[in-house]
Amino acid sequence: MKHHGGIRVGHERLSPHRAHRAGSDSPAEAPKRPVSERLRELLPDIWAMIRPRRHLLALGFLLMLINRASGLVLPASTKFLFDDVIGKRHVELLTPLILAVLGATLIQGLTSYSLTQLLSKEAQRLIAELRCKVQSHIARLPLRFYDANKSGTLVSRIMTDVEGIRNLIGTGLVEMVGGVFTALFAIIILFRISSTLTLVTLGFMIAFALISKKVFAVMRPIFRERSKINAEVTGRLTESLGGVRVVKGYNAEEREEQVFGAGVRRLLENVLKTLNAMALMGLSAAVVMGIVGAIVMYVGARQIFAGELTIGGFATFTAFLAFLIAPVFQLVGIGTQLTEAFAGLERTREVLREDREDSDPTRTIAIGTLTGEVRFEDVDFEYEPGKPVLTAVTLHALPGSVTALVGPSGSGKSTIINLLAAFYTPRRGRILVDGVDLAGVQLSSFRKQLGVVLQDTFLFDGTIRENVAFSRPEASTEEVVAACRIARVDEFAERMPDGYDTMVGERGVKLSGGQKQRVSIARAILADPRILILDEATSSLDSESEALIQEGLSYLMQGRTTFVIAHRLSTIRRASQILVVENGRILERGTHEELYALGGRYWDLYTRQHGVESNLFLAPGEGDLPSDDGSGDSPGERRPASGVSEALRL
């Protein structure tokens, strides 16, 4: 994980031979616990899902009992057919027997249809509900959670892990109970027909059940591992597709193929392990069925010859034996589904147990309308224990002032902004807003008065109007258009065929960098924040566009407390105070004139930057050098090469 000023800017590249190490919940890291213990932990969550649907499930169980009972009519009728209707030639019983079988079949079909309508649809509603619940929870988790998890992995958690849960509420659980009921009823009938044959059959069934238990114990961690691998592969694929321009720009298609292929091979290996386990169960089932069938034929024939069993009784025994064996095989399939469901539920539970930002019991203060006084008091911060990022940071920003943060990359500027936005909390010290400790403030009451314009502008795949209105969805069309005019969005939006309803594409790909930045600024203007954060907000603009947008920013900054991260130092010379940040400390503070006259680190950064700029192809007003003609400009001040340069100053 890489950090730039405290903000994660990318993920470590996964080479093909290291792809399997991604993720924070690998089996190697997770402590091995008995399956029974993990199931006990899941029971409260399972009950929480079942409880509001318990009446529906009860109705499903009733329908299942009727379904299975009606399904037993056909095999039970064979004894009457062979022994009474055919053997004793009671032809008058044939029609009632046929009608009973047809009626039972019709009832069986209707109950099967009703079960699908009731439980399968309710299961899909549960999946939709869980997806919304997980998404809502993840959206409210602190940034440290996002620092440790890829976006693609989180998408998999939301969309895929809950899929298997349909087997808990849907027909899977009910069919399993129905299978048990059918098997128990079949055993009773089988004992009545022939206890010897039944005991032999049950012996082999018990052996098969023990094998199945072992196999399921092996399969459960495999299914859990599959969910994790699938999330990793999906996450990497999402990154690759999102960064397709970088991939193509560096001719890295083949490398991405190797990374993706390594993940797919891991997924394949996992599936093959599952297939091996299921094949073992299939082999065991086939062997058991063959042995049971041979024994039933041998013993049954000898009992018929001995007069202990009729032909009708043997036919009925064979039919009910199928009703005993079929549910066992059905339990194997349903058991696999439930194993997958439990694995998905475990992973979903892990996410839902993460503490939300707003769950901190100390955040009880609903802060009112801010005036914008900000104070850092001896603040220390670290992303990882033992690796300080900020040390003893103290600053004071008055309402309506402009505070500029300057310094080399990785010095801690963005971390200061992250703390101000309450994305993180200090390890030591306090951050006060209007005299109130930010650590005790309800985040919703604070952040709705916060405006952020970042260097890496993010736009949603929607219209220009929707992206601007994102900060205040209830804003009227007139308010949106007014914000767009201040930010100069109207200059390009109104020339487009669809105007403000133009689709911007994923991450605003259909707009230029400058156009995206203008939309971002319009979004902040519409929010009407009390505290404004500008992270190199005009870096994507050419000089002319920047000059125009500075007017919008000047309007936006009026009466607001503004914090600016700037690399082009010429743009912050009019700031109320400039803080020079290096190695997590504030080395110097003051106005441009004070710091330049000090001849310290700021003077070094400023003069060095102008030395570089003098060798670049620059737009008018961007490359002025230190004045030495005694014209009254302070050392290092730019001479306006055009009217644009004045507008560049804040």
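Q: Why are helix α3 (residues 73-86) and helix α4 (residues 94-139) called roughly antiparallel?
A: Their axes come within 10 Å and cross at roughly 170°, where axes are lines fitted to C-alpha atoms, for helices over the stretch in contact, and angles run from 0 to 180 degrees between N-to-C directions. Angles over 145 degrees count as roughly antiparallel, those under 35 as roughly parallel, 65 to 115 as roughly perpendicular and the rest as oblique, and α3 and α4 are therefore roughly antiparallel to each other.

This is a predicted model, in which local features need pLDDT of at least 70 and side-chain atom pairs count only at pLDDT 80 or more, while totals for chains, interfaces and linings use all residues. Residues are numbered from 1 along each chain as its sequence is written, and side-chain values use heavy atoms, with hydrogens and water left out.

Q: Which residues of α3 and α4 make the contact?
A: With contact meaning heavy atoms within 4.5 Å, V73, L74, S77, L81 and V85 of α3 meet L94, L97, A100, V101 and A104 of α4.

Q: Why do β4 and β7 count as edges of the sheet?
A: The open sheet has four strands in the order β4-β3-β6-β7, with antiparallel pairing. β4 (387-397) and β7 (436-437) each have a single partner strand, so one side of each is left without a neighbour in the sheet.

Q: What makes β6 and β7 a pair?
A: Two strands pair if DSSP finds at least two bridges between them, and β6 (residues 428-433) and β7 are joined in the antiparallel sense over two bridges.
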